[in-house]
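Please describe this structure for someone who is meeting it for the first time, taking its features one after another.

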Amino acid sequence: MTKGLIFDIQRFSLNDGPGIRTTVFFKGCGLRCAWCHNPESIASYQQLSYDPTRCDGCQKCMVAVGGKGISILNQKAVVDMDIHDRTLELVGVCPQNCFRVLGDEKTVDEIVNVVLKDLDYYRESHGGVTFSGGEALNQWPFIESVAKKLKEHGLHLTLDISGYDPARYLNYTTDLIDLYLLDLKTSSDMVYQKYIRQILDPKQTLNTLKKASRPVILRCPLIPDINDDPGYFDLLANLVDEYDNIIETNLLPYHKLRKNQNFKLYNDRQFFTEPDSTRKEIWVKEIRDRKIRNVWMENKEISL
Ligand code: SF4
Ligand code: SF4
């Protein structure tokens, strides 16, 4: 694999592992979480997006496609993204820059060059680089080449994984990756089927990482009344108890994210209720009742 397909490189990230980091987001994911915060990461190819807020209704895009899948309503183009998901030529047609391509093909050196710009910050803050997504593991052969070059500079490397690894790359990553961020999505097969469309067993992933003596930070997206049931906290307590390589757990309260751009969605995106302070207090109590060690929420450790 000579190029990787990424959808963003975020410098100075503070929430994707220790210290100051650069996070490289890879495109393509086999899961379909209904609460996904990066739905533009799901498709594993370059995809068209459309931002209607910039449109002045000039009709140039409509003319370019002969009216197929684009109409004008109230001085704005209405674009059928199912039809134009891959009509990347529209980017060059629009004078208002309403269209853009989600996904950039980058070489190993292009990524390494961006990352190395902040070498001093990583060293001072004990930070490094995080590979995220999407499901970064899907592009492991490419990431491996990037990781080898970054290791020549002694950088700390983190891999953010969903627990779904159809190509079973995880075993090949442990020589290069220093830390893993692993999602714990639900304890319920019903929730997996309904909201994610795959049933995962986090123990499979944790067994591999424990055998390789690799530390893990568990990330727990909590969506009120969807996955924050007592069974979830029981599972979390059991995992933290059984796997001493889980060094930390982060509770991630659900929040709605609205993006202006339209693109073809590959999940049944839904908006859920955001947790209020009462709900968060219930979560804290669930953690304390089970005496789960080293759990953090919103940058604060939950004291036991
Ligand atoms: S070309 Fe751009 S500005 Fe013109 S109608 Fe299409 S989207 Fe709107
Ligand atoms: S695993 Fe992550 S990137 Fe993939 S659909 Fe779920 S939340 Fe989105």
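## A residue with positive phi

Asp-225 lies in the loop that runs between strand 11 (216-222) and helix 9 (230-242). In this model, which is predicted, Asp-225 has a positive phi of about 65 degrees, although Asp-225 is not a glycine.

## A cis peptide bond

Another backbone feature is found at Gly-133 and Gly-134, which are joined by a cis peptide bond with an omega of about 15 degrees. Of this pair, Gly-134 is placed in the loop between strand 8 (128-132) and helix 5.

## Helix 3 against helix 5

Helix 5 (residues 140-151) also takes part in a pairing with helix 3 (residues 108-116), and the axes of these two helices come within 9 Å and cross at roughly 40 degrees. Because of that angle, helix 3 counts as oblique to helix 5. The crossing of the two helices is right-handed.

On the side of helix 3, the residues that meet the partner are Val-108, Ile-111, Val-112 and Val-115, while helix 5 brings Ser-145, Val-146, Lys-149 and Leu-150 to the contact. Taken by class, the residues of this contact between helix 3 and helix 5 are six nonpolar, one polar and one charged.

## Two domains

The domain assignment of the chain gives domain 1, made of the segments 3-44 and 103-301, and domain 2, which covers 47-102. Taken over C-alpha atoms, the centres of domain 1 and domain 2 are separated by 33 Å. The contact between them takes nine residues from domain 1 and 13 residues from domain 2. On the side of domain 1 that touches domain 2, the residues divide into three nonpolar, four polar and two charged.

## Surroundings of the ligands

Ligand 1 is surrounded by a set of residues that includes Cys-55, Cys-58, Cys-61, Cys-94 and Cys-98. Also around ligand 1 are Asp-56, Gly-57, Gln-59, Lys-60, Ala-77, Val-93 and Gln-96. By class, the shell around ligand 1 holds seven nonpolar, three polar and two charged residues.

Which residues come nearest to ligand 2 among the 13 that are around it? They are Cys-29, Leu-31, Cys-33, Cys-36 and Ser-162. The shell around ligand 2 is made up of five nonpolar, six polar and two charged residues.

Note on methods: Residues are numbered from 1 along each chain as its sequence is written. Chains are lettered from A and ligands numbered from 1 in the order in which they are written. This is a predicted model: local features need pLDDT of at least 70, side-chain atom pairs count only at pLDDT 80 or more; totals for chains, interfaces and linings use all residues. A residue is near a molecule or strand if its C-beta atom, placed from the backbone, lies within 6 Å of it. Ala, Val, Leu, Ile, Met, Phe, Trp, Tyr, Cys and Pro count as nonpolar, Asp, Glu, Lys and Arg as charged, and the others, Gly among them, as polar. Axes are lines fitted to C-alpha atoms, for helices over the stretch in contact, and angles run from 0 to 180 degrees between N-to-C directions. Helices (H or I, at least four residues) and strands (E, at least two) are DSSP runs, numbered from the N terminus. Angles under 35 degrees count as roughly parallel, over 145 as roughly antiparallel, 65 to 115 as roughly perpendicular and the rest as oblique. A crossing is left-handed if the near helix is turned anticlockwise from the far one by less than a right angle, and right-handed if clockwise. Two residues are in contact if their C-beta atoms, placed from the backbone, lie within 7 Å. Domain bounds come from an automatic or database domain assignment.
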